[in-house]
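Here is a short briefing for a first look at this structure.

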Amino acid sequence: MSPSKTPTPLDPISTWRAWQTLTIIYTILLNRQIYRRWLLEQKCMQNRPLRERFRPVIFLEPIPTLRKPNTKTKEATNNPFNETTMDKLRTRVALLRARVEKGKELASEIERRMVQDPPIRFPTHFCHTCVEDGERVEVLLTTCGHRVCRTCIKYGVDENGVYECSICFAPTGFVARSPVVLVKDYPGEVAPILKEGEVVV
């Protein structure tokens with residue numbers, strides 16, 4: 001039996017292209033998960049009365065394109081010989097992969113809640129971080145299209161008061177509160193919390 005051969009390592013330019021390709025692949029997979037969640041939210045809302053409907057929000061990630069390496073300028077952001085550039089590229093791929101996995105979890109959670117017995121009134125309305133139901137706690141909608149409860153916001157705010165989305169791993173703001181009044185306050189009722197045109201920043 002012949003001894004196993006150690007694979008030949010890629011040169012820096014080939015390595016850089018491979019990581020760029022992974023960025024494109026994971027971005028496409030991420031957009032598929034985002035679109036899948038959006039379709040599930042549409043499906044959940046189509047048979048509900050107008051006053052109980054949410055407006056599903058979708059924010060697709062721009063798909064990057066392959067760029068030519070720049071080996072002439074050492075500080076260039078597309079120089080494969082710059083270790084800082086490669087570290088940033090690897091980190092971006094790792095974050096995209098984590099977001100794809102989280103997207104799968106969110107879509108699966110919505111599907112599980114859609115068939116739950118007894119049925120849930122709003123299967124898509126829950127905190128995307130701790131999965132707490134939006135009728136038990138107040139849930140806020142972020143500018144990146146995710147939902148988060150106030151408890152998770154406390155743990156996600158930095159020393160400057162900026163909230164970092166636990167799904168996108170990036171700073172974000174808030175556009176609206178939950179459109180559902182909490183069950184513990186108004187059992188069996190559905191009413192808007194915000195006045196028309198009011199937003200939370």
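Cys168 is buried, with a relative accessible area of 14%; buried means under 20%, exposed over 50%, and partly exposed in between (1.4 Å probe, protein chains only). This is a predicted model: local features need pLDDT of at least 70, side-chain atom pairs count only at pLDDT 80 or more, and totals for chains, interfaces and linings use all residues. Residues are numbered from 1 along each chain as its sequence is written, and side-chain values use heavy atoms, with hydrogens and water left out.

**Cysteines**
- The closest cysteine sulfur to that of Cys168 is in Cys144, 3.8 Å away, too far for a bond.
- Zero disulfides turn up in a search of the whole structure; a disulfide is a pair of cysteine sulfur atoms within 2.5 Å.
- Cys44 also counts as buried, at 11% relative accessibility.

**Salt bridges**
- The whole structure holds eleven salt bridges, each a side-chain nitrogen of Lys or Arg within 4 Å of a carboxyl oxygen of Asp or Glu.
- Glu61 and Arg99 form one of them (3.2 Å, N to O). The pair links distant parts of the chain, 38 residues apart: Glu61 is in the loop between H1 and H2, Arg99 in helix H2. Helices are DSSP runs (H or I, at least four residues), numbered from the N terminus.
- Glu61 is partly exposed at 22%, while Arg99 is buried at 9%.
- Arg112 pairs with Glu109, with the closest N and O atoms 2.6 Å apart. They sit three residues apart in helix H2, so about one helical turn separates them.
- Arg37, Glu41 and Arg147 are linked in a salt-bridge network.

Terms used. Helix = DSSP H or I, 4+ residues; strand = E, 2+ residues; numbered from the N terminus.
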